[in-house]
Amino acid sequence: MKKISSPEEYKEESGMDEIDLQDKMKMIGVKSSSPTSLLARNTLLLPSGVVNVKQLSNVSSTNDTGSSTKSSSSATGNPRNKTSLAPGHSVMDWIRLGNSGVDLTGVGGIPRTVTLTELANHNKKNDAWIAIRGIVFNVSHYMDFHPGGIDELMKGVGKDATKLFDKVHAWVNYQSLLQKCVVGRLCRSSISNTSKTNGKSSIANDLLKSCTTQSTSEEEKEKETNDGVSKIKMDWRQTTNTITLFYQSINDYQGIYYRLSRINDTKLVFNLSFEKNIVTHELELAGEIEWPPTWSRNYENMEIDFTFRKKDKIVWKTQGNYTMSREPITNKRTYKGYKVLTNTPLCKLVHLLVLRAKDSLELIPIGRHLEAKINIAGVEVSRYYTPVPPYLHPEDTAPNYTSDCICLMIKRYEDGALSPSITALKSSESVMLSNGLGNFIVETFDRFTDIHMLAAGTGLTVMLGIIQRSLARRHVKSINLLNFNKDEDNMFYAEQLERACNTNKLKVTHILSQAGELWNGRRGSISDELLKELMGNYSPDSCVFLCGPKGFLDSAKKCLRNLKWESYQIHEFDD
């Protein structure tokens, strides 16, 4: 077989001429001067068999260990390993889909700025974003059209796939192929500008043009981000009795994870975890302080104040001294022993545990979780739980809660490996808890003014932090919680939610699938009709959070799709 090294050689070999191509284009109604005609020309001239591209043949790369490896993987399909596409999934079918008016962007066609963390969240076949040369594309609809197959395309989903793309087929005109799939520009800092903009088509085209003319290298962008994190400064203010420590301009960064440690009465360590780095400030204060501090969070600008009481009630001439260091973030999991302060039943099956670690304070970002583990009969058993706020209404503050505590709501399953033991813990007994895990960033949903929540069982726990934050934000107009349970024995935190509804911003509807005779509330299970009634019509200003067992999540997503909700409006938490 003769090797064909370019589309032009294939044209000569196959005998296809310009007239044949024009005829094919006329048949599908593509104008010869349109961008899709350029795509059609490039695509119709490609061979359906093996292609050996001169620039990419025998490409090798050197890994960190210095060994040379052949490149065979692809973020957008390996042309040397094409798959057979199903009928109706040709390139011409893809062009027709793009011209049909279907929103292939998944974000309403309004370009936005996408952080690496947000990009990483869209890593599923039916919710797939990919970045190439600084532009983020939604390739969810393209999966079944990809010549290299779904598995090959999934290798680049949820990440910057530029290098992967260039290794295999840098010659492919992806700008034309994916021009209707532009989500927006990739931002390597944690800043995300999601405001709506007019002129969406021209902006998308400008983004595509800019991705080929950008002069700033990826290394320079990363350096700018790292330098920005390094320049974050701690500030302070004081009274005779207290000193307050805080960080200015922290609202430029999303999803910050604060960890404080007390070394002694004058020495503190602050760890701030960002998307890629951990910044550490070690403080040697000018005087002695009491532990723990009180802290307060401004949910509008995300600034957090840590206020310590002074042991000597005098005005300090200086804050003291501190050093700053930075290191790359890792996925390393660390554990601490937490003592149980209180264990309070919220209903027959669910317990509220208030736990505290010595000389430590952790503010785990909303929507993230931790791992709890206990040694049971010589076997280490663990499970993930989401921390909850100590209250939604001050009257309902968790018993014995102090500012350095973590609160967990845990359901007891009689046949569970961990829950019977952890819900039986008594005051002063201990459990090991990990650092915060996950990458959910609640700020990425701040553009929405109306929030819907569908929770089943203990799926409610992750919603409580979002509710607390949303109640404190002026931009949020309404919060609508649909709380699904089996029966009254499984319901928990109902009275506290009712008290939080006094603001008129929050509405809660409890729905039981197997309610007893005395139940006066809603009965049933999730359905299109129920959601239509309780959520109203689809709105571009609304988002939906889901959490519960897998069967519930599958049903909820199906109902939302039937009601025309878009994937960018929905976030699914694992229960």
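I began with Arg412 and Glu414, whose side chains meet in a salt bridge with N and O 3.0 Å apart; the model is a predicted one.

I turned to Arg237 and Asp305, where the side chains form a salt bridge at 2.5 Å from N to O. Because Arg237 belongs to strand β8 (residues 234-238) and Asp305 to strand β14 (residues 304-309), I recorded this pair as tying together parts that are 68 residues apart in sequence. On accessibility, I have Arg237 down as partly exposed, at 39%, and Asp305 as buried, at 13%; the latter label follows because buried means under 20% relative accessible area.

I also checked Lys155, which forms a salt bridge with Glu152, the closest N and O atoms lying 2.9 Å apart. Here Lys155 is partly exposed with 35% relative accessibility, while Glu152 is buried with a relative accessible area of 11%.

To set these pairs in context, I searched the whole structure and noted a total of 18 salt bridges.

Key:
Residues numbered from 1 in each chain as written. Predicted model: local features only at pLDDT ≥ 70, side-chain atom pairs only at ≥ 80, totals over all residues. Heavy atoms only, no water. Salt bridge = Lys/Arg side-chain N within 4 Å of Asp/Glu carboxyl O. Buried < 20%, exposed > 50% of the residue type's maximum accessible area, 1.4 Å probe, protein only. Helix = DSSP H or I, 4+ residues; strand = E, 2+ residues; numbered from the N terminus.
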